[in-house]
Number of protein chains: 2
Amino acid sequence: MDTLPSKILENVVNELSKLPGIGKRTALRFALHLLKQPIKETETLAAALTSLVTEIKYCSRCHCISDSEICPTCSNPKRNNTIVCVVENIQDVMAIENTGQFNGLYHVLGGVISPIDGIGINDLNIVNLIERVERENIKEVILALPTTMEGDTTNFYLNKQLQKYDITISTIARGIAIGDNLEYADEITLGRSILNRVPFDNVFKR
Amino acid sequence: MDTLPSKILENVVNELSKLPGIGKRTALRFALHLLKQPIKETETLAAALTSLVTEIKYCSRCHCISDSEICPTCSNPKRNNTIVCVVENIQDVMAIENTGQFNGLYHVLGGVISPIDGIGINDLNIVNLIERVERENIKEVILALPTTMEGDTTNFYLNKQLQKYDITISTIARGIAIGDNLEYADEITLGRSILNRVPFDNVFKR
């Protein structure tokens, strides 16, 4: 990285390059871009960033980001409140919402169990999930966690904790993505897509 | 773009996506990343951004970003103050400084003449350049502007304005980049590299 002609510039480049995927060069481009804009623009950005971290709220039920105590999904009477889909983070909630295929509620864990990163059971919204299963009229919990070692560890732990309740525990289907060629699929996915094959009519009669 | 579950989040995503090359999806990733960090981190970033636009200063001589009234390059007695290299912006200054091949001073125009973007002569540091040529002991002005239509327009304008002074006006060499194959070079560059060929000894005896 070039030596910068100003400490103020250097400072903002250092701060911006902490953003994920942003190197010093891109950070410099951001800083010089902001310098060409009216001062007001950058002040608005700075204020938005501050209010993000100081004012953001999480739904007390599903732990999704929300402007109110209970998020619009949780408070929507049209949603099926007997099914809860457990996800790692709010991006996953948005991805599932985008499909338009799920009408139940969510539960955002805020991560997965990862001893190597120091993330244990108490760092995640696991106790609250169990409380929800105890208190609410939940009939099915769908585990939609990532297929990583950490995701699987979390899946197994949750499955064990939820066994004693009279609910269905399911997990999202893993298989060959629509449009993908079988020959390029990895062996585990292809193997699982055969083991977990579904009756033809189940898919095409919907 | 997915509908976001919070106005505060939406606001910060909108602001971040004004940065060059940043779409809504990356902006969301930044916002969610910041939410996982300690609040202090984001507050430091916001403060750095604000101080960037409110406290940044420009060298009154070369118009490069500087923490002092006169930048370290302009105030360095070891630099050759008879040669001034005219560039579009401070990235160009940093790029030339990185080569270690230039020991003169700079003059940052802050852009190039571009009627289509509403950038005229008075929006650039052109008058100050002519004042410098009049007042300072400048013997050579190197025009190192981009080879775009706007860059060339600016080159021609500056050349015309500087004609009446007893100085050498030069422009940086354009040619085939070191390591590039001739067969893949564009015709204009290759043609110019032949027209502006240099005596072999000039290059290899330095």
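Covering the buried residues of helix 1 of chain A are, among others, helix 2 (24-36) of chain A and, from chain B, helix 3 (39-55) and strand 2 (65-66). Please bear in mind that this is a predicted model: local features need pLDDT of at least 70, side-chain atom pairs count only at pLDDT 80 or more, and totals for chains, interfaces and linings use all residues. Residues are numbered from 1 along each chain as its sequence is written, while chains are lettered from A and ligands numbered from 1 in the order in which they are written.

A word on terms: helices (H or I, at least four residues) and strands (E, at least two) are DSSP runs, numbered from the N terminus. A residue is buried if 20 or more other C-beta atoms lie within 10 Å of its own, exposed if 12 or fewer, and partly exposed in between, with C-beta atoms placed from the backbone.

Which residues of helix 1 (residues 7-16) of chain A are buried? They are Ile8(A), Leu9(A), Val12(A), Val13(A), Glu15(A) and Leu16(A). These residues lie on the same side of helix 1 of chain A, because they cover an arc of only 165° around the axis; the arc is that of the directions from the helix axis to the C-beta atoms.

I turn to the neighbour within the chain. Helix 1 of chain A packs against helix 2 of chain A at an angle of about 120°, and their axes are 8 Å apart. Axes are lines fitted to C-alpha atoms, for helices over the stretch in contact, and angles run from 0 to 180 degrees between N-to-C directions. The two helices of chain A are therefore oblique to each other, given that angles under 35 degrees count as roughly parallel, over 145 as roughly antiparallel, 65 to 115 as roughly perpendicular and the rest as oblique.

On the helix 1 side, Leu9(A), Val12(A), Val13(A) and Leu16(A) meet Lys24(A), Ala27(A), Leu28(A), Phe30(A) and Ala31(A) of helix 2 of chain A; contact requires C-beta atoms, placed from the backbone, within 7 Å.

In chain B, helix 1 (residues 7-16) and helix 2 (residues 24-36) also pack at about 120°, with axes 8 Å apart.

Finally, the contact between the chains takes 44 residues from chain A and 43 residues from chain B. Helix 3 of chain A gives the largest share of the chain A side, 14 residues.

Key:
Two residues are in contact if their C-beta atoms, placed from the backbone, lie within 7 Å.
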